Amino acid sequence: MIIVVKNSCEEKQFTNLIDWVKELGLDVHVSRGEHSTVLGLVGDTSRVDIDLISSLDIVEQVQRVQEPYKNANRKFHPEDSVINVGGHKIGKDKFHVIAGPCSVESEKQIIEVAEAVKASGATMLRGGAFKPRTSPYAFQGLKDTGIELLLKAKKETGLPIVTELLSVNNLDLFKDVDVIQIGARNMQNFELLKEVGKTGKPILLKRGLANTLQELLMSAEYIMAEGDSEVILCERGIRTFETMTRNTLDLSAIPALKDRTHLPIIIDPSHSTGIAKYVEPMSLASVGAGADGLIIEVHNDPKRALCDGAQSLNPEQFDKLMGKIKAMLPLVGKTYGE
């Protein structure tokens, strides 16, 4: 249930309303917008008398909400959320690109790539230290050493780092990581979601390869229910009957999610297509569809990459793409970086 409160109300009236709602055993999420204040009531609202609340002078509108996600719901939070990562604001009218290799392979590799993507304008560095792989014989990442190398690259370039957490057991290693990524395979690992929700860190949550958008929002709700509102949603392609690409990039997810949630939405054109030459057109299509950012795989030598070289751009290709992205952003009312 949501209660829209008039901006003209007195603070004492506002406080009394919140206290009364809490006495009914409900939690209250307060969202102060430019033109109105919205109270989101979380819990069993069946005991709430809508007519009684509507009759109050300070109340403009009362509405029941059917969706099971409350914290992530735009009805509770009409204004777009802006997530701050190391001074970079993600969401609303700001656009960011996260770039780097699929896997951290060596100190030389990660620093070289970090310097290259920063020079092209990337505002954050991605890199896998712990790698979930379909085959148990494939490269699994450098693990804690990979985290250390990412932090060295951060020190060298100043770029905030984004890397994937696979297990609660490794959470202590992520204390200096700027954005914790929850990958597609762990989107419904609810115990993991609850634990990262307790960190208060920005969380990049990827859609599972066979999950609906509502299931993605419910996973975000798990994180937010623990008190962490810093969630960035990521569409990375879903599994369909199509075999010409690694996955199928669901660009319709962008406007559909924008209707339903205030959380920022970024696109992963690398994992969704699995083919480097498709990354540019899908990146530009994502900008046109209203995405808030991109996460792109860049490797200094894709042919020799230990993981996902086929979908990785080299620094020159990435630099060319960044120029096109920045040229296109004014058409959709967004500015790059900050």
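Trainee: Is T163 buried or exposed?
Mentor: Buried means under 20% relative accessible area, exposed over 50%, and partly exposed in between, with a 1.4 Å probe and protein chains only. T163 has 1% relative accessibility, so it counts as buried.

Trainee: What kind of model is this?
Mentor: Residues are numbered from 1 along each chain as its sequence is written, and side-chain values use heavy atoms, without hydrogens and water. Local features need pLDDT of at least 70, side-chain atom pairs count only at pLDDT 80 or more, and totals for chains, interfaces and linings use all residues, as this is a predicted model.

Trainee: Which strand holds T163?
Mentor: Strands are DSSP runs of E, at least two residues; helices are runs of H or I, at least four; both are numbered from the N terminus. T163 falls within residues 161–164, which form strand β9.

Trainee: Beyond its neighbours within four places in sequence, which residues is T163 in contact with?
Mentor: Contact means heavy atoms within 4.5 Å. With those neighbours set aside, the partners of T163 are G127, G128, A129, I147, L150, F174, V177, V179, I180 and Q181.

Trainee: How far apart are the C-alpha atoms of T163 and C102?
Mentor: Along the chain, T163 and C102 are 61 residues apart.

Trainee: What percentage of the contacts between residues at least 6 apart in sequence join residues at least 24 apart?
Mentor: Take the whole protein, which has ten helices and 15 strands. Among contacts between residues at least 6 apart, the share joining residues at least 24 apart is 69%.

Trainee: What is the radius of gyration of the protein?
Mentor: The radius is taken over C-alpha atoms, and the globule rule is 2.2 Å times the number of residues to the power 0.38. For 338 residues the rule gives 20 Å, and the protein comes close to that, so it is as compact as a globular protein of that length. Its radius of gyration is 21 Å.

Trainee: Are α9 and α10 roughly parallel or roughly antiparallel?
Mentor: Axes are lines fitted to C-alpha atoms, for helices over the stretch in contact, and angles run from 0 to 180 degrees between N-to-C directions. Under 35 degrees counts as roughly parallel, over 145 as roughly antiparallel, 65 to 115 as roughly perpendicular and the rest as oblique. Helix α9 (279–289) packs on α10 (315–328) at about 20°, with axes 10 Å apart. That makes the two helices roughly parallel.

Trainee: How many residues of the α9 contact with α10 are nonpolar?
Mentor: V279, E280, S283, L284, V287 and G288 of α9 meet K320, L321, K324, I325 and M328 of α10. Ala, Val, Leu, Ile, Met, Phe, Trp, Tyr, Cys and Pro count as nonpolar, Asp, Glu, Lys and Arg as charged, and the others, Gly among them, as polar. Two residues are polar, three are charged, and the nonpolar ones number six.

Trainee: What is the arrangement of α5 relative to α6?
Mentor: Helix α5 (190–197) and helix α6 (213–224) have axes 7 Å apart and an angle of about 45°. That makes their arrangement oblique.

Trainee: What is phi of K92?
Mentor: Most residues other than glycine have a negative phi. K92 lies in the loop between β6 (88–90) and β7 (94–100), and at 45% relative accessibility it counts as partly exposed. Its phi is positive, near 65°.

Trainee: What is the relative accessibility of K143?
Mentor: K143 sits in the loop between β8 (124–126) and α4 (144–157). Its phi is positive, about 60°. K143 counts as partly exposed, because its relative accessibility is 37%.
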